[in-house]
Amino acid sequence: RTSIPMVKAVGAQASFYDARAVAADLHKRGVRLIGRVVAFNDPKLANWAMARGHKDWVIQNPDGSKYLYGYNKSGFTNFAHKAVRDYNQAIAVAAIKAGFDDVVFDYIRRPDGPIASMRFPGLRGDPEDSIVSFLAESRAKIRPLGGSLGAAAFAQASTRPKATAQNIRKMAAYLDVVIPMNYPSHWNPGEYGVRDPYLGAYQIVRRSLVDWLAQVKGTDCVVVPWLQDEDFRGDYTPKKVREQIDGTRANGIPGWLMWSAKARYQPAAYTPDATSAL
C-alpha cells in the first residue's frame with residue numbers, strides 16, 4: 001500500500017502486506033530487506049499511458065506505435081521521460097521510508113532488439129547515458145534517507161554495454177551494488193572459452209566475474225552476482241549450485257543472491273560460512 005497518486009492511478013497497488021510492519025519484523029530477525037523495483041518493463045504504466053494518449057511515455061517503433069518484442073506484450077516505458085523517471089524514483093523512496101534497506105532496480109535497460117528499430121521520445125544523447133543519469137537522480141534521493149541503491153544487469157553488459165544500454169563502468173559511479181544475472185543458463189556455448197555453461201558452471205561464473213570486478217574498480221560499488229538454483233537448461237543439483245558459489249568466491253567476492261523463479265531452494269547447497277557482501 002502506498003500514498004503515491006500515480007501508483008494508485010495505474011492500478012499498481014496491492015494490499016498483500018503492510019511494508020512497515022513486515023520490515024520491522026524482518027529486522028528483528030536479522031534479515032536485510034531488499035526492494036526489487038522492475039523499473040521500465042512495466043505493463044501497468046505502459047498501458048495506462050497509452051490509453052490516455054501519453055505515447056511519449058513508452059518506447060516506440062519508428063511509426064510511433066508501441067515497441068513490443070518476444071515475451072513483452074505491453075511495452076517498455078521510456079526511461080528518457082521525466083514522468084516515468086519520477087514514478088519509479090517515488091516508488092524507491094517510498095520503499096526506503098517504509099524500512100527497506102536497499103532498492104535494486106531491475107530491467108533498468110532498453111528493450112531487446114536492434115536499437116535502430118526503437119525510438120525514445122525526448123532522449124538526449126545515448127540510451128546508456130540516460131540510464132546513468134536516472135541512477136544519479138535516484139541516488140540523490142535515496143542516500144539521504146539512509147538507503148542504498150543497486151541495479152541488476154545482464155551478465156554480458158560488462159563487455160557489451162550497448163546491447164542493453166547498461167554501461168557498467170558509468171553506472172557503478174552511482175551504485176552501492178551491481179548485480180549481474182550470472183546464471184550459467186544465460187550464457188551461450190563457447191563464451192569465455194566454456195563449451196557448455198551448464199557443465200562448466202564454475203568456470204563461466206569465475207571467468208565472467210573478472211570483467212565485472214574490472215568495471216567497478218575505482219568506485220564504491222560492489223559486485224554481488226545473482227546465481228541460479230533452478231532447473232533451467234540443466235539439472236541444478238546442490239553440487240551444481242555450489243560450483244557457482246565457489247566460482248564467485250574464487251574472485252574474492254564473499255556474497256551472492258540466489259535466483260529461483262519458484263522461490264524454492266536446496267538447503268544442501270548452502271553452508272553457514274557466508275559473510276556480508278554489503
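Helices (H or I, at least four residues) and strands (E, at least two) are DSSP runs, numbered from the N terminus. The structure is a predicted model, in which local features need pLDDT of at least 70 and side-chain atom pairs count only at pLDDT 80 or more, while totals for chains, interfaces and linings use all residues. Residues are numbered from 1 along each chain as its sequence is written, and side-chain values use heavy atoms, with hydrogens and water left out.

Contact means heavy atoms within 4.5 Å. With neighbours within four places in sequence left aside, Thr164 is in contact with Arg109, Arg110, Phe154 and Ala157. Ala165 is placed in the loop between β3 and α6 as well, and its relative accessibility of 1% is why it counts as buried. The phi of Ala165 is near 65°, a positive value in a residue other than glycine. Most residues other than glycine have a negative phi. Tyr107, in the loop between β2 and α5, also has a positive phi, near 55°.

The interior may be described through its nonpolar cores. A nonpolar core is a set of buried Ala, Val, Leu, Ile, Met, Phe, Trp, Tyr and Cys residues joined through side-chain atoms within 4.5 Å. The largest such core has 60 residues, and Phe40 and Phe105 are those with the most contacts inside it. Helix α4 (residues 82-98) supplies the largest share of this core, six residues. A second, separate core has eight residues, among them Val177, Ile179, Tyr183 and Val224.

The crossing is right-handed; a crossing is left-handed if the near helix is turned anticlockwise from the far one by less than a right angle, and right-handed if clockwise. On the α4 side, the residues that meet α5 are Arg85, Asp86, Asn88, Gln89, Ala92, Val93 and Ile96, and their counterparts in α5 are Ser130, Ser133, Phe134, Glu137, Ser138, Lys141 and Ile142. The residues of this contact divide into five nonpolar, five polar and four charged, where Ala, Val, Leu, Ile, Met, Phe, Trp, Tyr, Cys and Pro count as nonpolar, Asp, Glu, Lys and Arg as charged, and the others, Gly among them, as polar.

Helix α5 has 16 residues and reaches 23 Å from its first C-alpha to its last, close to the 22 Å expected at 1.5 Å a residue. The expected span of a helix is 1.5 Å times one less than its number of residues. Its buried residues include Ile131, Phe134, Leu135, Ser138 and Ile142. The buried residues of α5 pack against α4, β2 (102-106), β3 (148-154) and α6 (168-171). In the loop between β2 and α5 lies Arg124, which counts as exposed because its relative accessibility is 79%. Arg124 and Arg29 are 95 residues apart in sequence and 46 Å apart in space, C-alpha to C-alpha.

Val216 lies in helix α7 and is buried, with a relative accessible area of 6%. Beyond neighbours within four places in sequence, Val216 is in contact with Ile168, Ala172, Val178, Cys221 and Val223. Thr237, in the loop between β6 and α8, is partly exposed, with a relative accessible area of 29%. Thr237 and Ala268 are 31 residues apart in sequence, yet 9.0 Å apart in space, C-alpha to C-alpha. Helix α8 (residues 238-249) has twelve residues and reaches 16 Å from its first C-alpha to its last, close to the 16 Å expected at 1.5 Å a residue. Lys240, Arg242, Glu243 and Ile245 are among the buried residues of α8, and what covers the buried residues of this helix includes α7 (201-216), β6 (226-228) and β7 (257-259).

Conventions
Buried means under 20% relative accessible area, exposed over 50%, partly exposed in between (1.4 Å probe, protein chains only).
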